[in-house]
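Please read the numbered points alongside the sequence and the coordinates.

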Amino acid sequence: MTNSVMIVEDELFVAMDLQDIIEDIGHHVDGPYMTVREALAAIDCQLPTCAILDVQLLDGEVYPAADRLKEASIPIIFHSGHADEKKLLARYPAAMVCAKPSSPVFLRAAIERLLQRG
């Protein structure tokens with residue numbers, strides 16, 4: 001079975017890199033979604049297996065979408081250059097945090113670990 005990995009990222013080239021990593025390890029990409037509004041609409045339609053979320057999006061911070069994913073027990077990786085890791089982990093203790101920029105090897109390993117946990 002192929003897992004669905006949601007990408008919520010407003011930087012096109014970063015989203016494309018994430019998409020390449022996810023597809024290279026054999027999983028389906030859901031997104032990318034560039035706004036909180038788009039991410040929430042996608043979550044309402046179908047839950048992904050896991051999600052990679054940037055914190056700062058075009059229309060605000062990703063927390064409403066992250067909260068909805070957390071409530072549904074969907075594993076999350078926060079992929080951000082502007083986030084406080086301690087605050088994120090306090091609010092989302094099961095999440096992983098990968099600071100931008102992250103190497104493709106590190107991101108790939110994080111995604112694989114997350115999918116094994118999920």
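Note on the predicted model

1. The protein exposes about 6,400 Å², and carbon and sulfur atoms supply 53% of this area. Accessible areas come from the Shrake-Rupley method with a 1.4 Å probe, and for residues only the protein chains shown count as cover. The model is predicted: local features need pLDDT of at least 70, side-chain atom pairs count only at pLDDT 80 or more, and totals for chains, interfaces and linings use all residues. Residues are numbered from 1 along each chain as its sequence is written, and side-chain values use heavy atoms, with hydrogens and water left out.

2. Five helices and seven strands make up the secondary structure of the protein; helices (H or I, at least four residues) and strands (E, at least two) are DSSP runs, numbered from the N terminus. Read from the N terminus, the order of elements is β-α-β-α-β-β-β-α-β-α-β-α. The radius of gyration, taken over C-alpha atoms, is 13 Å, close to the 13 Å that the globule rule gives for 118 residues, so the protein is as compact as a globular protein of that length. That rule is 2.2 Å times the number of residues to the power 0.38.

3. The C-alpha trace spans about 30 × 30 × 25 Å along its principal axes. Of the 118 residues, 47% count as buried; buried means under 20% relative accessible area, exposed over 50%, and partly exposed in between (1.4 Å probe, protein chains only). Among contacts (heavy atoms within 4.5 Å) between residues at least 6 apart in sequence, 60% join residues at least 24 apart.

4. The whole structure holds two aromatic pairs. Rings of Phe, Tyr and Trp (its six-membered ring) pair if their centres lie within 6.5 Å; planes under 30 degrees apart count as stacked, over 60 as edge-to-face and the rest as tilted. Tyrosine 63 and tyrosine 92 have ring centres 6.3 Å apart and planes at 10°, so this pair is stacked. Tyrosine 63 belongs to helix α3 and tyrosine 92 to the loop between α4 (85–91) and β7, so the pair ties together parts that are 29 residues apart in sequence.

5. Phenylalanine 78 and tyrosine 92 have ring centres 5.1 Å apart and planes at 50°, so this pair is tilted. Because phenylalanine 78 lies in strand β6 and tyrosine 92 in the loop between α4 and β7, the pair ties together parts that are 14 residues apart in sequence. Phenylalanine 78 counts as buried, at 1% relative accessibility, and tyrosine 92 likewise counts as buried, at 3%.

6. One joins glycine 31 and proline 32, with omega about 10°; proline 32 is placed in strand β2 (residues 28–33). Another runs from lysine 100 to proline 101, with omega near -10°, and proline 101 is in the loop between β7 (96–99) and α5 (104–117).

7. Which residue has a positive phi although it is not a glycine? Serine 73 does, with phi of about 60°. Serine 73 sits in the loop between α3 (63–71) and β6 (76–80) and counts as exposed, at 63% relative accessibility.

8. On the surface, Leu12, Phe13 and Met16 form a nonpolar patch with about 340 Å² of accessible area together. Leucine 12 lies in helix α1 (residues 12–24) and is partly exposed, with a relative accessible area of 48%.

Terms used. Patches are made of residues with over 30% relative accessible area and no salt bridge: like charges are joined within 9 Å, nonpolar side chains (Val, Leu, Ile, Met, Phe, Trp, Tyr) within 5 Å. A salt bridge is a side-chain nitrogen of Lys or Arg within 4 Å of a carboxyl oxygen of Asp or Glu.
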